[in-house]
Amino acid sequence: MPDGTTPTQFVDEAVDFTVKVACECYCSLDLVREAISQLPVCNGALAWAAPRLPDRDTMETDSDVVLIVSDKDTLAQAIDRSSRYEELGREAPSHVLIYLQDNENVSAEEMAGLTLRREQLATGLTSLTHAAFLPIIPQGLICVDWCDTRHILEMAGQVVIEEASGSRIEDVIESAITRLRDSATGRPIHGMQASILCSPGKLATRYVARLSDACKGIASDGTTIILAAPWMDWPDIDYYEVKIFARVECRKRERIG
C-alpha cells in the first residue's frame, strides 16, 4: 500500500494482467455503449463488460473497477450505490462515480467522482483509460502495480485528469502540473498517479525525477504520489506526453438561504 512515497518498480518484461471494467448505468445504456466502442484498444489488457442497469440486490464482484454512470435525475441513486460499495471495503471492486451534466450548473469541485458533459463521455473515458489504466499494462522503465492504482481509485474526492504533450519534456511536465494546480484551486490533493509516455529511446530516469519533483511541489501533506514510465510503441522521436490521474478534496457546497 502506498505510504506517500514514490513506488518504483523496474521491469524488463511485461506482466500478464487484465483490468476488468464494469459499467453500471443509471442513465442511457446506449450512450455508454457507444462511448465504450470508441475507446482505444489496449491489446486485450483492458476488458470492458457490456454496460448494464444495476441490480439493487446484487453488487458487482467479478470486476476490478466499476464505473457508476449517472445524470441529474439519477444522481441520488448513484451516490447510494457508491456508498454500498464503500461499505463492502476490500471485498468489492474499486468504483468511480461518473456524473454526466446537461445544462445544469453544478460545480465539478463539489462532486465526489468524475464530472463530464454528457457529450464528452467518450473522450472522458479515453482520458481515464490513458491516465489510470494504461501505466499498469505495458513493460517499462517504471511500472505501476494494480494495488497502487487501486489505492488512488479508492480515495475520496473529485477525480481530476490532466494531460499535456509536446517535444520538450520540461515544458510538458510544467504544463500538466500547472493544469492540475489550476484544477485543484487550492484544495488538498489526496493522491495522484503521474505518467510519462514516450518511445523507449527517449525515456530517461532524470525525466522521472523531474516529474517527481514537480508533483511534490503541489502535493499536500500526506499526498500519495505514484509515478509511471511505460515503454510505448512509438517512433524514436522527441515527443512526450504526461498524464495525471488525481483525487482532490471536494469543495463544500454552500448553503442556500
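An open sheet is formed by 5 strands in the order S2-S1-S3-S4-S5, with parallel pairing; strands (E, at least two residues) and helices (H or I, at least four) are DSSP runs numbered from the N terminus, and two strands pair if DSSP finds at least two bridges between them. S2 and strand S5 (114-117) are the edge strands, each pairing on one side only. From one strand to the next the twist averages 25°. The model is predicted, so local features need pLDDT of at least 70 and side-chain atom pairs count only at pLDDT 80 or more, whereas totals for chains, interfaces and linings use all residues. Residues are numbered from 1 along each chain as its sequence is written, and side-chain values use heavy atoms, with hydrogens and water left out.

Strand S4 (residues 94-101) is joined to S5 by 4 bridges, and Ile-98 has Leu-114 as its bridge partner in S5. Helix H2 (residues 75-88) packs on this sheet, touching S1, S3 and S4 (contact means heavy atoms within 4.5 Å). The direction of H2 makes about 160° with that of S3; axes are lines fitted to C-alpha atoms, for helices over the stretch in contact, and angles run from 0 to 180 degrees between N-to-C directions. Helix H4 (residues 146-153) lies across S1, S3 and S4 and runs at about 45° to S4.

In helix H1 (residues 29-37), Val-32, Ala-35 and Ile-36 are buried (under 20% relative accessible area, with exposed over 50% and partly exposed in between; 1.4 Å probe, protein chains only). Seen down the axis of H1, the buried residues fall within an arc of 100°, taken from the directions from the helix axis to the C-beta atoms, so they line one face of the helix. Asp-30 and Ser-37, on the other side of H1, are exposed. The cover over the buried residues of H1 includes strand S1 (19-25), strand S2 (46-48), strand S3 (65-71) and helix H3 (121-133).

The largest nonpolar core has 36 residues, of which H3 supplies the largest share, 7 residues. Such a core is a set of buried Ala, Val, Leu, Ile, Met, Phe, Trp, Tyr and Cys residues joined through side-chain atoms within 4.5 Å. Among the members touching the most others are Ile-98, Phe-133 and Phe-245.

A second open sheet has 5 strands in the order S6-S9-S8-S10-S7, with mixed pairing. Strand S8 (residues 189-197) and strand S10 (residues 240-248) pair in the antiparallel sense over 8 bridges; Phe-245 of S10 is the bridge partner of Gln-193.
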